[in-house]
Amino acid sequence: MPDVGQAFAFGNVLPTQAGVAWSSERHESSVIDKWQELPGAKLDWHLGPGYSLQGGLIVATFTAEVLISRPVSGGNAAGLLDITFGGQQPHPQSDNHRYATAMSAEEWGSVTTIRTMHFPFDAALVRDSSLQVIFKLAAGSNFGFQNWLLKLEAYPVSR
């Protein structure tokens, strides 16, 4: 599914809002072909009346030490990861966000991904733009995370 991009340029603008969550605890899953939430990797965030921003460009960064193991029968392992914004898929949109792969029995790596979503200015509508890291073991026997960090940056947009 191709995602035709939009460009947003900000001159001398710093994010007006930021949030961060992290954990050093190890979380592993051997569930295959099912999207799961990474425990604790969530930042609650809303836009609209009663909140500091009525619209904005939200940028999410996730980084982690990752473990992935190939299937016992051999072959390659593939782990997918995405960050949802209020349950919606951000940009770039895809059904194949490979985050980690393994060709040997077990491989470790340090991996980072960035996603973004634009929420147009709307002073009348509250929108959930909460970040949630989700992952799926597409092939393999184990997919794990430790020492991860999730960061949110919010850049305001005007009417």
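Two strands are taken to pair if DSSP finds at least two bridges between them, the strands themselves (E, at least two residues) being DSSP runs numbered from the N terminus. The structure is a predicted model, in which local features need pLDDT of at least 70 and side-chain atom pairs count only at pLDDT 80 or more, whereas totals for chains, interfaces and linings use all residues. Residues are numbered from 1 along each chain as its sequence is written, and side-chain values use heavy atoms, with hydrogens and water left out.

Strand E6 (residues 77-85) has antiparallel partners in strand E7 (residues 98-102), to which four bridges join it, and in strand E10 (residues 131-139), to which it is joined by eight bridges. Strand E6 is mostly covered, nine of its nine residues being buried, where buried means under 20% relative accessible area, computed with a 1.4 Å probe on protein chains only. In a regular strand the side chains alternate between the two faces of the sheet. In E6 both faces are covered, with Ala77, Gly79, Leu81, Ile83 and Phe85 buried on one side and Ala78, Leu80, Asp82 and Thr84 buried on the other.

Phe62 is buried at a relative accessible area of 0%, and Phe145 is buried at 1%. The rings of Phe135 and Phe143, with centres 5.7 Å apart and planes at 75 degrees, likewise form an edge-to-face pair; Phe135 is buried at 1% relative accessible area and Phe143 at 0%. Ring pairs link Phe62, Tyr99, Phe135, Phe143, Phe145 and Trp148 into a cluster.

A nonpolar core is a set of buried Ala, Val, Leu, Ile, Met, Phe, Trp, Tyr and Cys residues joined through side-chain atoms within 4.5 Å. The largest such core has 32 residues, and those with the most contacts inside it are Phe62, Phe143, Phe145 and Trp148. Two or more residues are given to this core by each of strand E3 (36-43), E5, E6, E7, strand E8 (106-119), E10 and E11.

Notes
Buried means under 20% relative accessible area, exposed over 50%, partly exposed in between (1.4 Å probe, protein chains only). Rings of Phe, Tyr and Trp (its six-membered ring) pair if their centres lie within 6.5 Å; planes under 30 degrees apart count as stacked, over 60 as edge-to-face and the rest as tilted.
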